[in-house]
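Welcome! Take a moment to look over the structure below, and then we can walk through it together.

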Amino acid sequence: MAFTNRLRSFIIIGLLPALTIYLLFVIVPILWSAYYGFFDWKGIGAARFIGLDNYAEALKDPIFWRALKNNLIIVAASILGQLPIALLLSLILRKSTLFHRFVRSAVFMPMVVSSIVIGLIWGYIYHPQIGILNVLLEQIGLSSWIRDWLGDPSINMYSVSAPVIWANIGPYLIIFLSAIQNISSDVEEAAKIDGAIKGKWLYLIVIPMIWDTIKVAIVLCISGSLKAFDLIFVMTGGGPAQSTELLATYMYNNTFEIYRYGYGSAVSTLIIIISMILVLGSQVLMRKRGME
Amino acid sequence: MKTIAPGRVPKTTTNTSSRVLNFRASWLLHLFLLAYALVTLYPLLWLFISSFKSNQEFFGSPFALPSVWQFENYTRAWEIGGIGKAFLNSVIVSVLSLVLTLFLGTLTAFIVSRLNFRFKGFIMMLFVLGMLIPIHSTLVPLFILMKSLGILDTYASLILPYTAFELPIAVFVIAAYLTSVPKELEEAAMIDGNGYWGIFYRIIVPLAVPAMATVSILGFLRFWNDFAFALVFINKQALKTLPLSLSMFSDGYGTDYSLTMAAMSIAVIPTIIIYLLFQNQIMKGMVAGAVKG
Amino acid sequence: MKKKTLAITACTTAMTLLLAACGGGNTGNSGTAEEGNKAGTASPKIKLSIWHNFSGDDLRAKAVRAQIDKFKAEHPEIQLDAQAIPPDGYRQRLKTVAAADEMPDVFFTQSGTSIKEFYDGGLIQPITSLLDEHPEWKNNFIPGSLDTLSFNGEVYATPLSGSATSFLFYNKSLFEKYNVKVPTTWDEMMTAVKTFNDNKITPISLGNKASWLAQSSIISSLADRVTGTDWFKKAVNQDGAKFTDPEFVQALTYFKQLSDAKAFQPGFNSLDNTQMEQYFVEGKAAMMIDGAWALTNMAASGTEEQLNQVDVTILPSVPGGKGDPKSMSGGSGGGLALSKRATGDQLKAALELIYTVSGPDAMKAIAGSNSIVTYNVDLDESQVMPLFYKAYNLYKSVKLTPVYDAYLTSSATEAVNNGLQELSMGGKPEDIAKKIQDAQARDLGK
């Protein structure tokens, strides 16, 4: 009895400060913003209650759906690009040698540099006239592959995905690295003695052992990709003609540029709902896989 | 028992030809990794080089070295952007937010990952929610909220939201890390007469160092670079943080890149230091594991 | 055992309290500051706040900040809190405090649609009395330049600068080399485009990534030449004209014609205005249609020699156009607006501040910083850039027509911006016109 009481008081006292700050500064604003979504409000002056009209309008707007589609491309690119590369690198680079530390640090560095810098450099890579990519294609005799990488709406979402993947491998690399620290060397030694070859070792031992971390990384990937826009915004400004519009830019424009605060809030609530569905979906999928 | 770093174990049983093959493959791998590293390092290098250029050169020859190294870009940026004070403010805000995030995050992660109680699922759900919200939509509610709390225009108006928004990631990363640690550890500690707080400080915190280091790097980056909150919640010039100084050099139609790049170069240094510092901590877990082995 | 738990509980509580104290302790501070702000008279020093976005190292920003500093020096009895907010975040900051109804006493806002939002929201008060007090100031504004900052017969701000969004810059030596006439008619323009293209020179430099550029610099002037100003004002009010009218569709068609004739460099929708200005000043393009801001940007990124190649004129006329061809889109830039909250001594101080920062002396200082003003100043030719001097005189000699984004609602502006990008990617003028019409009509509730 005394045991459970102690447990209970520890849980309550331990969670209280974190939950207080969290509820106050995150959950309350989320609900508040969802509430603004029910109003026709410019952000200045009088607000008019219009029920679900904002939500209905967003769902009817083709640009909203395009932004969602673009976002899903980024989510897919992140999950299929960043995570496997980061996992592989974390396995290759998990030693403390100078070389490994150097490469690890280098891989992380695009993260510390401002998106403006990354955007400028990739802008020069994709530049329609002096772009490195097009010059390179021309020199190796693939002139027919030359494109307006950022201007052509049929490919520009893929063009912008590349730098997004490239610049954001770092966080997943360190998350995986720290998780791998947990796999004690005995396990690895045991695997060696068993004669498990590298590939098998990865699938049979590493992935199951850091499965929880992979799940978290996927959630981070989804949430990060749905919120991220700065890098893409630096490169294309969401254009041309809104072809690289993302949910976050769509929300931001409506809130702060077009003076439709209520509508922007509704879009932001929709972003949360959509992300939630994606996150839950991914977790359900992973639970099944994990059990196999 | 003495343990050698696993990958380095020499394979004595392999025959000569496959050893040569291995040797070649490992050299190829090293070469590839080196090339990859240089490519990812390039933006940083480019930033530093550009920060010494004039505006003409910045646009005219973006990939060349500066013909004259303009060191005064730094002094001018420092002065006009008020970087000295902003830098100090950023350090204070980022460090305090980090300490708070780590303490609360680790504690919460310990509770949700190792203990059983009724509302655990619900609490985890709440934390997921916080990761999904686009922060720009919280600006107005947070502004009004903090005004009524009377903390607007203080360090707390940045520290508390920063911590709150970083908590989910901290909790998830640390909790995921802790779930793979065998439970026998704290059962043993319990028998040794430690209370829950004792277990937390003596067992969990040292154990979670690699995950905490990861959270530190990610959190620091976010706090250090945040523009939206710093823009809106701080009014007093004396409390302004660094990201505001970085965007000062624009008139809305064009940007003075020589000054912007110089200011960014200054701002990027602490994040590199923090990264290098905590990267070693991430690897600490390995050392501990090796000793145990 | 119990003791330990207790100690730890105390620890956590202390931690929480510390946090609360962290906030609580500051409550006092900001509380008093706020009281002082509102009451004004209660404290010996009058407190006043001004927000602006002249934060940079450019000459104009320095000129404006110098006026603010002058006010500080002249008025030791006033405690002025002057905030230079980076332009990139200015609107976001202003919108947030506006939503929370916490406006600064004096703040910079753009003319037209932007200031109208604050007027409609009842957040600002007129400064007409200040202008009446200083007739020599009031009467020296270029006629009509207070229009986009006035509502219901009252002036709410005076322009700190003029906007001239549609100069046709051209490279003299390229025109000489290929023996091309500087275009004054649409046919001459199309001939020039063809000649330059034949010689592998980009005819017109354009960087429309930010998407407002083609709207503000090209279509505002070009469409006015086709439709005339009266039509535009009617269409804005949705009163007797619509954006689906044939004349506006024709204007969009002209733009499409330029784009189809490959007048702009490839990929112009992914270049920004700085890149386009750079491209032009380096002599890679023969022409560029851009606003007055290009003058300072070109001066910053081009060499003296390159700048000497540049000359400036206005867009060519169009056949059968209803608008005055001797015109360019432009008008007043933003100005300092006065919060409705200011009363009593604070109001007096605020008006004084506005006069110092946007009065006759300030106008002269701003014009001297290579910025166009809508005010009669005797510009000292030796003190400004030669190209600026030319552009400024050109600006004063032509009729000004509305810049689209100063009149259209924000979402109709977005529709124009995105529509022009779409046009250059193969969109149909009729469809774009309809989107613009729909956006404007919806915002006006018609």
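Chain A and chain B bury about 8,400 Å² between them in this predicted model, and 79% of that area lies on carbon and sulfur atoms. On the chain A side, the residues that lose the most area to chain B are A:F10, A:Y22 and A:F25, which together make up 9% of what that side buries.

How many residues does each chain bring to the contact? Chain A supplies 88 residues, and chain B supplies 98 residues. You will find zero salt bridges between chain A and chain B, while eight residue pairs are in polar contact, with both residues at pLDDT 80 or more.

Which helix gives the most to the side of chain A that touches chain B? That is helix α1 (residues 2-36) of chain A, with 24 residues. Sorted by kind, the residues on this side of chain A are 63 nonpolar, 14 polar and 11 charged.

Now let's turn to chain B. An unreviewed UniProt entry places the feature "transmembrane region" at residues 27-49, 86-110, 122-146, 158-178, 199-221 and 257-278 of chain B.

| Stretch of chain B | Helix | Strand | Distance between end C-alpha atoms |
|---|---|---|---|
| Residues 27-49 | 100% helix | 0% strand | 31 Å |
| Residues 122-146 | 76% helix | 0% strand | 26 Å |

Technical notes:
Residues are numbered from 1 along each chain as its sequence is written. Chains are lettered from A and ligands numbered from 1 in the order in which they are written. This is a predicted model: local features need pLDDT of at least 70, side-chain atom pairs count only at pLDDT 80 or more; totals for chains, interfaces and linings use all residues. Side-chain values use heavy atoms; hydrogens and water are left out. Contact means heavy atoms within 4.5 Å. Buried area is the accessible area (1.4 Å probe) that two parts lose on being put together, summed over both. A salt bridge is a side-chain nitrogen of Lys or Arg within 4 Å of a carboxyl oxygen of Asp or Glu. A polar contact is a pair of N or O atoms within 3.5 Å; within protein, one must be able to donate a hydrogen and the other to accept it, and residues adjacent in sequence count only if both atoms are side-chain atoms. Helices (H or I, at least four residues) and strands (E, at least two) are DSSP runs, numbered from the N terminus. Ala, Val, Leu, Ile, Met, Phe, Trp, Tyr, Cys and Pro count as nonpolar, Asp, Glu, Lys and Arg as charged, and the others, Gly among them, as polar. UniProt positions are given in the numbering used here, feature names are shortened, and annotations may be inferred rather than shown by experiment.
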